[in-house]
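Me: I am new to reading protein structures. Could you walk me through one, feature by feature?

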Amino acid sequence: MPVDVSWIPGDSDLLVTVVAGLVVLGGVGAALVGKTRKAPPREAPPARDDAPVAAPPAPTEAPEAPAQATVESPEAVDHRFGRLRGRVGTGLGQSLLAIFRRGGLSQDDWDELEETLLMADVGAAATDELMADLKARLKAAPDGDPRELLRAALLDVVDPALDRSLALGEAGDGALHSAIVVGVNGVGKTTTVGKLARVLVAEDRSVVLGAADTFRAAAADQLETWGSRVGVPVVRSHQDGADPASVAFEAADRARAEQAEVLLVDTAGRLQNKQGLMDELGKIVRVVSKVAPPSEVLLVLDATTGQNGLTQARVFGQVAPLTGIVLTKLDGTAKGGIVLAVQRELGVPVKFVGLGEGADDLAPFDAAGFVDSLLGE
Ligand SMILES: Nc1nc2c(ncn2[C@@H]2O[C@H](COP(=O)(O)OP(=O)(O)OP(=O)(O)O)[C@@H](O)[C@H]2O)c(=O)[nH]1
Ligand SMILES: [Mg+2]
């Protein structure tokens, strides 16, 4: 007897059925989120006070969430650059040194030097500055040690005198400080927010993270993972496409209510030529400012994208004045010259560099250490 299969939907019917089911489920989910978003988000991990490593008195507003099984202790910040500096590519430094060691440089040598700098993403302005500096130094000390001359000139361009500290106050200063992290797609914003949270936790600061990238739930999940590893609460929405500014505001509000010291806000990767997204970023900055005006707007740049990053940066700077650059993936480029170009072109210091995918592979930028690394010392 033939089996009746008429009830089984064809391919397109099946699709419609599945989509309809998802819409219904999504609607229920959105309604639930809508209800819970007024209250402090329950999904956030407990405050760091619960960590087994620290043993402060129990907080009066003890969170209800279950205790974290393990909360990591991030690496102290001081020695990170030292640990990671071996990952800075030495290609540029070694090429420069090879030319310089020839001595009595001809015009051809200078041309080669210039070309080497430009190809390593140093950029026209910083290249001109460096060439002029080198020529002046050679004139003043024709028999000087080439490595020392080069080192001094590179250091001048990188500028060790710049203040590269994060303007996020001091531990125990009683204020809430906020930072917003911006940049184009895939440069490492979320990773940087996660790593910065660890830097701050290592410095004994209390932190709240805001997942204002609401395009994809995965983005908030990613941030939540970073937060939970160090017991830092993450304020998020479970609704794709929720208003990022309202999540940012909620995060700021929670940080204030919990008397946290630092709020870090992750934002969606946006193309700087998409006006709507840039307006949205402006809105995030404005709403956070109502609670704690951002003292840091950090632009994340991918060191492997070279000069393109600079064009991006200028447009971001028009939406919100940038206060610092985090240069990620410096471990992934042999060039490294972009470090010399960015702050020269943008007038904003490189404050942190990403030197790997490890959770603590983010280090405060050390100008002298960087130049030494470039030269392979
Ligand atoms: N090697 C290396 N990889 C890095 C570094 N920083 C970030 N990454 C990697 O870059 C990739 C993208 O990082 P995300 O933090 O997701 O980038 P994003 O800017 O938040 O991306 P969108 O939110 O999609 O715009 C991930 O695979 C990171 O592990 C770094 O310093 N070194
Ligand atoms: Mg992201």
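The dialogue below takes the sheet, then the helices, then the ligand.

Me: What should I know before I start?
Reply: This is a predicted model.

Me: How do I read the sheet: how many strands form it, and in what order?
Reply: 8 strands form an open sheet. Their order is 3-2-4-1-5-6-7-8, and the pairing is mixed.

Me: Which strands stand at the edges?
Reply: Look for strands with a single partner. Here they are strand 3 (234-235) and strand 8 (362-364). One side of each has no neighbour in the sheet, because each pairs with a single strand.

Me: Where do the side chains of a strand go?
Reply: In a regular strand they alternate between the two faces of the sheet.

Me: Which strand should I look at next?
Reply: Take strand 5 (294-302). Of its 9 residues, 7 are buried, so the rest of the structure largely encloses this strand.

Me: How many bridges join strand 1 to strand 5?
Reply: There are 5, and the two strands run parallel. One pair to find is Ala179 with its bridge partner Glu296 in strand 5.

Me: How is strand 5 joined to strand 6?
Reply: Again by 5 bridges, with the strands parallel. Find Leu299: it stands opposite Ile325 in strand 6. Now follow the chain. From strand 5 it passes through helix 11 (residues 308-319) to strand 6, a right-handed β-α-β crossover.

Me: In which sense do strand 6 and strand 7 pair?
Reply: Strand 6 (residues 324-328) and strand 7 (residues 350-354) pair in the parallel sense, over 3 bridges. Leu327 has Val353 in strand 7 as its bridge partner.

Me: How do I read a helix against the sheet?
Reply: Check what it touches, then its direction. Helix 8 (residues 217-229) packs on the sheet and touches strand 2, strand 3 and strand 4. Its direction makes about 170° with that of strand 2. Helix 7 lies across several strands, including strand 1 (177-182) and strand 4 (262-267), and runs at about 170° to strand 4.

Me: Why is helix 12 largely enclosed by the rest of the structure?
Reply: Because 8 of its 9 residues (338-346) are buried. Among them are Ile338, Gln343, Arg344 and Leu346. Just after helix 12, Gly347 takes a positive phi of about 70°.

Me: Which residues come nearest to ligand 1?
Reply: Of the 19 residues around ligand 1, they are Gly188, Thr190, Thr191, Gly269 and Gly354. Next, sort the shell by type: 3 nonpolar, 11 polar and 5 charged.

Me: Which element gives the largest share of that shell?
Reply: Helix 7 (residues 189-202), with 3 residues.

Definitions and conventions
Residues are numbered from 1 along each chain as its sequence is written. Chains are lettered from A and ligands numbered from 1 in the order in which they are written. This is a predicted model: local features need pLDDT of at least 70, side-chain atom pairs count only at pLDDT 80 or more; totals for chains, interfaces and linings use all residues. A residue is near a molecule or strand if its C-beta atom, placed from the backbone, lies within 6 Å of it. Helices (H or I, at least four residues) and strands (E, at least two) are DSSP runs, numbered from the N terminus. Ala, Val, Leu, Ile, Met, Phe, Trp, Tyr, Cys and Pro count as nonpolar, Asp, Glu, Lys and Arg as charged, and the others, Gly among them, as polar. Two strands pair if DSSP finds at least two bridges between them. Two residues are in contact if their C-beta atoms, placed from the backbone, lie within 7 Å. Axes are lines fitted to C-alpha atoms, for helices over the stretch in contact, and angles run from 0 to 180 degrees between N-to-C directions. A residue is buried if 20 or more other C-beta atoms lie within 10 Å of its own, exposed if 12 or fewer, and partly exposed in between; C-beta atoms are placed from the backbone. A crossover is right-handed if, with the strands pointing away from the viewer, the path from the first strand over the helix to the second runs clockwise.
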